[in-house]
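Hi,

Here is the structure I promised to pass on.

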Amino acid sequence: MVRWLAIPLALALAWLAFTVSPLWSLYDLAQAVRRHDVAYIESHVNFRTLRLSLVRQITGAVRAASDTDLELEPRDRQRLNDVAYGLALALAETLVTPETVMDLLDNGWPDKLDIERPADLKPEGLAIGSAGRLLPYYTSLEMRGFRAVVIPIPPEAPRAERTRIRLRLRGLSWRLVDIEMAGILRAQIAAKLGRALARAKLGASAGEEK
């Protein structure tokens, strides 16, 4: 009887150890951000998938904003969406570098870029000073199958102010493959690109009049 009980107990402990393992990678990532360890970030971040994700997030935010503009003709909306994709691609190339990834994770906002932070937004990022700080992250993480996990940063912040990162298991280590920007940051980027698109629209209209 004891032998049969040992099997599910061992499986439960193995599963617990597996679900805890991303937190040690998260702790190492937090320390690398604190130390400004570029080499660690370069070896533990998948920049290709991160750029593709940010392009989707930015174009999605701009598209949602343009869809509310009832004055736009379908042809103009498609043209602006095409321009938005190009701008988002350029912005993602700027955002996804070791330095800007650390900048974003450090306090939840890319301070090195010209994106205005709301005055009432408190800077909160990936700050893990001790192992005890990992408990809130553990209770809020979401396992996505056996090879991926999503973790909100910081776990206590309102949903619109959370940065959500995705870690994927590769071999025996977890790598950062995606950063879902906080809703407030996406809105600010969409507003910034919206202004650029408005200028492009005005320029196109002026060209057609000539």
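To start you off: which backbone oxygen does the side chain of Thr-59 reach at 2.7 Å? That would be the one of Val-55. Before going on, bear in mind that this is a predicted model.

With a relative accessibility of 10%, Thr-59 counts as buried, because the cut-off for that is under 20%. If you skip the neighbours within four places in sequence, Thr-59 is in contact with Ala-84, Tyr-85 and Ala-88.

Now for another threonine in that helix: Thr-49 also belongs to α3, which covers residues 47–67. Here the relative accessibility is 27%, so Thr-49 counts as partly exposed. A polar atom of the Thr-49 side chain lies 3.1 Å from the backbone oxygen of Asn-46. Thr-49 and Leu-176 are 127 residues apart in sequence, while their C-alpha atoms are 9.5 Å apart in space.

Then there's the core. The largest nonpolar core contains 49 residues, and the ones with the most contacts inside it are Ile-41, Ile-58, Leu-105, Ile-165 and Ile-189. Helix α3 gives the most to this core, namely seven residues. Take Ile-189 as an example: leaving out residues up to four places away in sequence, Ile-189 touches Ile-58, Leu-91, Leu-95, Ile-115 and Met-181.

Cheers

Note on methods
Residues are numbered from 1 along each chain as its sequence is written. This is a predicted model: local features need pLDDT of at least 70, side-chain atom pairs count only at pLDDT 80 or more; totals for chains, interfaces and linings use all residues. Side-chain values use heavy atoms; hydrogens and water are left out. Helices (H or I, at least four residues) and strands (E, at least two) are DSSP runs, numbered from the N terminus. Buried means under 20% relative accessible area, exposed over 50%, partly exposed in between (1.4 Å probe, protein chains only). A polar contact is a pair of N or O atoms within 3.5 Å; within protein, one must be able to donate a hydrogen and the other to accept it, and residues adjacent in sequence count only if both atoms are side-chain atoms. A nonpolar core is a set of buried Ala, Val, Leu, Ile, Met, Phe, Trp, Tyr and Cys residues joined through side-chain atoms within 4.5 Å. Contact means heavy atoms within 4.5 Å.
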